[in-house]
Amino acid sequence: MFADTQRGANASATLFSILLSCRANGVEPYAYLRHVLLELPQREEGSDVSDLLPHSNTTAQ
């Protein structure tokens with residue numbers, strides 16, 4: 001209803017899922033997104049990013 005297209009709805013659902021995963025794991029969402037968005041460009045394409053997931057012990061708290 002609020003996302004103009006299917007792609008917009010999928011993008012919103014992905015973002016909300018990430019933010020709620022942060023909340024469930026006690027991670028501050030803004031700090032998490034900032035950390036991930038600064039870290040991702042430094043990684044090689046196709047590299048493992050599992051350490052950047054909200055439940056990882058190495059993400060910004």
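Where does Cys22 sit in this structure? In this predicted model, the place of Cys22 is in helix α1. Cys22 is also buried, since its relative accessible area of 0% falls under the 20% cut-off. Leaving aside its neighbours within four places in sequence, Cys22 touches Val27, Pro29, Tyr32 and Pro54. Looking along the chain to Leu33, 11 residues away from Cys22, the two C-alpha atoms are 9.5 Å apart.

That brings in the helices as a pair. The protein has two helices and zero strands. Helix α1 takes in residues 6-24 and helix α2 residues 29-39, and they pack at an angle of about 115 degrees, with 9 Å between their axes. The crossing of α1 and α2 is right-handed. On the α1 side, the contact is made by Leu15, Ile18, Leu19 and Cys22, while α2 brings Pro29, Tyr32 and Leu33. Sorted by type, the residues of this contact come out as seven nonpolar, no polar and no charged.

Tyr32 counts as buried because its relative accessible area is 6%, under the 20% limit. Tyr32 is also among the contacts of Cys22, a residue that is itself buried. Further along the chain, Leu52 comes 20 residues away from Tyr32, and their C-alpha atoms are separated by 8.7 Å.

Ala13 gives another view of helix α1. With a relative accessible area of 46%, Ala13 is partly exposed, because that value lies between the 20% and 50% limits. From Ala13 to Ala3, 10 residues apart along the chain, the C-alpha separation is 10.0 Å.

Next come the charged side chains. Side chains of opposite charge can pair when their charged atoms come close. How many salt bridges does the structure hold? It holds two. In one of them, the side chains of Glu39 and Arg43 meet, with N to O at 3.0 Å. Arg43 also forms a salt bridge with Asp51, where the closest N and O atoms are 2.8 Å apart.

Finally, some figures for the protein as a whole. Of its 61 residues, 13% count as buried; Cys22 and Tyr32 are both in the buried class. The accessible surface comes to about 5000 Å², and 56% of that belongs to carbon and sulfur atoms. Among contacts between residues at least 6 apart in sequence, 38% join residues at least 24 apart.

Methods:
Residues are numbered from 1 along each chain as its sequence is written. This is a predicted model: local features need pLDDT of at least 70, side-chain atom pairs count only at pLDDT 80 or more; totals for chains, interfaces and linings use all residues. Side-chain values use heavy atoms; hydrogens and water are left out. Axes are lines fitted to C-alpha atoms, for helices over the stretch in contact, and angles run from 0 to 180 degrees between N-to-C directions. Helices (H or I, at least four residues) and strands (E, at least two) are DSSP runs, numbered from the N terminus. A crossing is left-handed if the near helix is turned anticlockwise from the far one by less than a right angle, and right-handed if clockwise. Contact means heavy atoms within 4.5 Å. Ala, Val, Leu, Ile, Met, Phe, Trp, Tyr, Cys and Pro count as nonpolar, Asp, Glu, Lys and Arg as charged, and the others, Gly among them, as polar. Buried means under 20% relative accessible area, exposed over 50%, partly exposed in between (1.4 Å probe, protein chains only). Accessible areas come from the Shrake-Rupley method with a 1.4 Å probe; for residues, only the protein chains shown count as cover. A salt bridge is a side-chain nitrogen of Lys or Arg within 4 Å of a carboxyl oxygen of Asp or Glu.
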